[in-house]
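Open the model in a viewer and keep the sequence panel beside it. The stops below go from the whole chain to single side chains.

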Amino acid sequence: MSENMENTNITEDTVNAQNCENEIVSEIYDEMGVIGPDTKVYGNISTKGHVTILGTVKGDISANGNVIVKGIVKGKIICDNILLENANVQANIEAKHQVSIKDGVTVNGQILCGSINVRGTVLGDINARDKVGLAETAIINGDITAAYLGAALGAKINGRVSIG
(Lines give C-alpha, C1' and ligand atoms only; values in the text may rest on other atoms or scores of the structure.)
Protein backbone atom coordinates (compact mmCIF):
# COMPACT_ATOMS: atom_id res chain seq x y z
CA MET A 1 0.00 0.00 0.00
CA SER A 2 1.38 3.40 -0.87
CA GLU A 3 2.38 5.72 1.94
CA ASN A 4 -0.14 8.39 0.89
CA MET A 5 -3.04 5.98 1.14
CA GLU A 6 -2.40 4.28 4.48
CA ASN A 7 -5.35 6.06 6.10
CA THR A 8 -7.92 4.88 3.59
CA ASN A 9 -9.57 1.58 2.82
CA ILE A 10 -8.87 1.68 -0.92
CA THR A 11 -6.94 -1.39 -1.99
CA GLU A 12 -3.98 -1.23 -4.36
CA ASP A 13 -5.83 -3.59 -6.71
CA THR A 14 -8.65 -1.05 -6.92
CA VAL A 15 -6.65 2.11 -7.50
CA ASN A 16 -4.01 0.59 -9.75
CA ALA A 17 -6.45 -1.21 -12.03
CA GLN A 18 -5.72 -0.34 -15.64
CA ASN A 19 -7.55 -0.97 -18.91
CA CYS A 20 -10.67 -2.10 -17.07
CA GLU A 21 -13.91 -2.63 -18.91
CA ASN A 22 -16.01 -2.71 -15.75
CA GLU A 23 -16.51 0.29 -13.51
CA ILE A 24 -14.62 0.17 -10.24
CA VAL A 25 -16.16 2.00 -7.32
CA SER A 26 -13.70 3.12 -4.68
CA GLU A 27 -14.94 4.43 -1.36
CA ILE A 28 -12.98 6.44 1.17
CA TYR A 29 -14.49 6.58 4.65
CA ASP A 30 -11.81 8.50 6.53
CA GLU A 31 -11.56 12.20 7.24
CA MET A 32 -9.01 12.59 4.44
CA GLY A 33 -8.11 10.48 1.44
CA VAL A 34 -5.17 11.01 -0.89
CA ILE A 35 -4.84 9.63 -4.40
CA GLY A 36 -1.06 9.69 -4.83
CA PRO A 37 0.82 11.17 -7.79
CA ASP A 38 1.56 7.79 -9.40
CA THR A 39 -1.93 6.38 -8.76
CA LYS A 40 -4.64 5.95 -11.41
CA VAL A 41 -8.26 5.33 -10.47
CA TYR A 42 -10.55 4.05 -13.22
CA GLY A 43 -13.93 4.37 -11.54
CA ASN A 44 -15.82 6.51 -9.10
CA ILE A 45 -14.68 7.81 -5.72
CA SER A 46 -17.17 8.49 -2.95
CA THR A 47 -16.03 9.89 0.39
CA LYS A 48 -17.66 11.04 3.60
CA GLY A 49 -14.73 13.41 4.13
CA HIS A 50 -12.10 15.26 2.12
CA VAL A 51 -10.00 14.01 -0.78
CA THR A 52 -6.85 15.21 -2.50
CA ILE A 53 -6.17 14.07 -6.06
CA LEU A 54 -2.48 14.14 -6.99
CA GLY A 55 -2.74 11.38 -9.59
CA THR A 56 -5.39 10.55 -12.19
CA VAL A 57 -9.09 9.83 -11.72
CA LYS A 58 -11.21 8.77 -14.69
CA GLY A 59 -14.61 8.69 -13.03
CA ASP A 60 -16.88 10.74 -10.82
CA ILE A 61 -15.84 12.15 -7.44
CA SER A 62 -18.40 12.70 -4.70
CA ALA A 63 -17.20 14.19 -1.41
CA ASN A 64 -19.04 15.41 1.66
CA GLY A 65 -16.07 17.66 2.24
CA ASN A 66 -13.35 19.47 0.33
CA VAL A 67 -11.68 18.32 -2.87
CA ILE A 68 -8.19 19.42 -3.88
CA VAL A 69 -7.09 18.54 -7.39
CA LYS A 70 -3.42 18.77 -8.35
CA GLY A 71 -3.67 16.00 -10.92
CA ILE A 72 -6.05 14.89 -13.67
CA VAL A 73 -9.79 14.36 -13.35
CA LYS A 74 -12.13 13.25 -16.14
CA GLY A 75 -15.69 12.86 -14.86
CA LYS A 76 -18.03 14.78 -12.57
CA ILE A 77 -17.09 16.35 -9.23
CA ILE A 78 -19.62 16.98 -6.45
CA CYS A 79 -18.32 18.45 -3.18
CA ASP A 80 -18.52 21.18 -0.54
CA ASN A 81 -15.49 23.22 -1.71
CA ILE A 82 -12.90 22.63 -4.42
CA LEU A 83 -9.38 23.93 -5.07
CA LEU A 84 -7.86 23.33 -8.51
CA GLU A 85 -4.11 23.92 -8.68
CA ASN A 86 -1.72 22.48 -11.30
CA ALA A 87 -4.69 20.45 -12.50
CA ASN A 88 -6.16 19.16 -15.74
CA VAL A 89 -9.91 18.94 -15.23
CA GLN A 90 -12.43 17.70 -17.80
CA ALA A 91 -15.43 17.56 -15.52
CA ASN A 92 -18.65 19.25 -14.58
CA ILE A 93 -18.31 20.63 -11.05
CA GLU A 94 -21.01 21.06 -8.41
CA ALA A 95 -19.73 22.72 -5.23
CA LYS A 96 -22.04 23.71 -2.38
CA HIS A 97 -19.79 26.60 -1.47
CA GLN A 98 -16.45 27.78 -2.92
CA VAL A 99 -14.60 26.95 -6.15
CA SER A 100 -11.03 28.23 -6.58
CA ILE A 101 -9.25 27.88 -9.92
CA LYS A 102 -5.57 28.83 -9.84
CA ASP A 103 -3.31 30.19 -12.62
CA GLY A 104 -2.57 27.77 -15.42
CA VAL A 105 -5.56 25.50 -14.72
CA THR A 106 -8.14 24.82 -17.43
CA VAL A 107 -11.55 23.43 -16.53
CA ASN A 108 -13.45 21.94 -19.45
CA GLY A 109 -16.98 21.66 -18.06
CA GLN A 110 -19.92 23.41 -16.44
CA ILE A 111 -19.60 24.83 -12.92
CA LEU A 112 -22.45 25.18 -10.43
CA CYS A 113 -21.40 26.66 -7.08
CA GLY A 114 -21.97 29.07 -4.24
CA SER A 115 -19.13 31.35 -5.29
CA ILE A 116 -16.03 31.10 -7.47
CA ASN A 117 -12.63 32.74 -7.89
CA VAL A 118 -10.97 32.20 -11.26
CA ARG A 119 -7.33 32.87 -12.14
CA GLY A 120 -7.22 30.20 -14.90
CA THR A 121 -9.50 29.20 -17.76
CA VAL A 122 -13.06 27.85 -17.78
CA LEU A 123 -14.41 26.32 -20.98
CA GLY A 124 -18.07 26.09 -20.00
CA ASP A 125 -20.82 27.97 -18.20
CA ILE A 126 -20.55 29.22 -14.61
CA ASN A 127 -23.65 29.43 -12.44
CA ALA A 128 -22.92 30.88 -8.99
CA ARG A 129 -25.56 31.54 -6.34
CA ASP A 130 -23.44 34.33 -4.85
CA LYS A 131 -20.37 35.89 -6.48
CA VAL A 132 -17.93 35.33 -9.30
CA GLY A 133 -14.45 36.81 -8.99
CA LEU A 134 -12.24 36.99 -12.08
CA ALA A 135 -8.55 37.81 -11.78
CA GLU A 136 -6.61 39.55 -14.54
CA THR A 137 -5.50 36.13 -15.87
CA ALA A 138 -9.03 34.64 -16.01
CA ILE A 139 -10.49 33.45 -19.31
CA ILE A 140 -14.13 32.35 -19.47
CA ASN A 141 -15.50 30.77 -22.65
CA GLY A 142 -19.12 30.35 -21.60
CA ASP A 143 -22.01 32.14 -19.94
CA ILE A 144 -21.85 33.50 -16.39
CA THR A 145 -24.87 33.70 -14.10
CA ALA A 146 -24.34 35.11 -10.60
CA ALA A 147 -25.67 37.49 -7.97
CA TYR A 148 -22.42 39.53 -8.11
CA LEU A 149 -19.48 39.77 -10.50
CA GLY A 150 -16.05 41.25 -9.90
CA ALA A 151 -13.60 41.27 -12.79
CA ALA A 152 -10.06 42.62 -12.79
CA LEU A 153 -8.69 44.56 -15.74
CA GLY A 154 -7.51 41.97 -18.27
CA ALA A 155 -10.06 39.23 -17.46
CA LYS A 156 -11.68 37.86 -20.62
CA ILE A 157 -15.28 36.68 -20.97
CA ASN A 158 -16.52 35.13 -24.22
CA GLY A 159 -20.19 34.60 -23.45
CA ARG A 160 -23.25 36.15 -21.87
CA VAL A 161 -23.28 37.59 -18.38
CA SER A 162 -26.37 37.68 -16.20
CA ILE A 163 -26.03 39.45 -12.83
CA GLY A 164 -28.65 39.89 -10.17
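Begin with the whole chain: of the contacts (heavy atoms within 4.5 Å) between residues at least 6 apart in sequence, 5% join residues at least 24 apart. This is a predicted model, in which local features need pLDDT of at least 70 and side-chain atom pairs count only at pLDDT 80 or more, while totals for chains, interfaces and linings use all residues. Residues are numbered from 1 along each chain as its sequence is written, and side-chain values use heavy atoms, with hydrogens and water left out.

Colour by secondary structure to see 1 helix and 22 strands; these are DSSP runs, numbered from the N terminus, helices being H or I of at least four residues and strands E of at least two. Of the 164 residues, 43% count as buried (under 20% relative accessible area; exposed is over 50%, partly exposed in between; 1.4 Å probe, protein chains only).

Next, select Ile-77, Ile-82, Leu-84, Ile-101 and Ile-111. These residues have the most contacts inside the largest nonpolar core, which has 37 residues; such a core is a set of buried Ala, Val, Leu, Ile, Met, Phe, Trp, Tyr and Cys residues joined through side-chain atoms within 4.5 Å. Strand β10 (residues 88–95) gives this core its largest share, 4 residues. Centre on Leu-84: beyond its neighbours within four places in sequence, its contacts include Val-69, Ile-93, Ile-101 and Val-107.

Now show Cys-79 and Cys-113. Cys-79 is buried at 2% relative accessibility, and Cys-113 is buried at 0%.

Move on to the charged side chains. The whole structure holds 5 salt bridges, each a side-chain nitrogen of Lys or Arg within 4 Å of a carboxyl oxygen of Asp or Glu. In one of them, Asp-80 pairs with Lys-96, with the closest N and O atoms 3.6 Å apart. Asp-80 sits in the loop between β8 (72–79) and β9 (81–84), and Lys-96 in the loop between β10 and β11 (98–101).

Then select Arg-119. Its side chain meets that of Asp-103 in a salt bridge (3.3 Å, N to O), and Arg-119 also forms one with Glu-136, again at 3.3 Å. Through shared partners, Asp-103, Arg-119 and Glu-136 join into one network.
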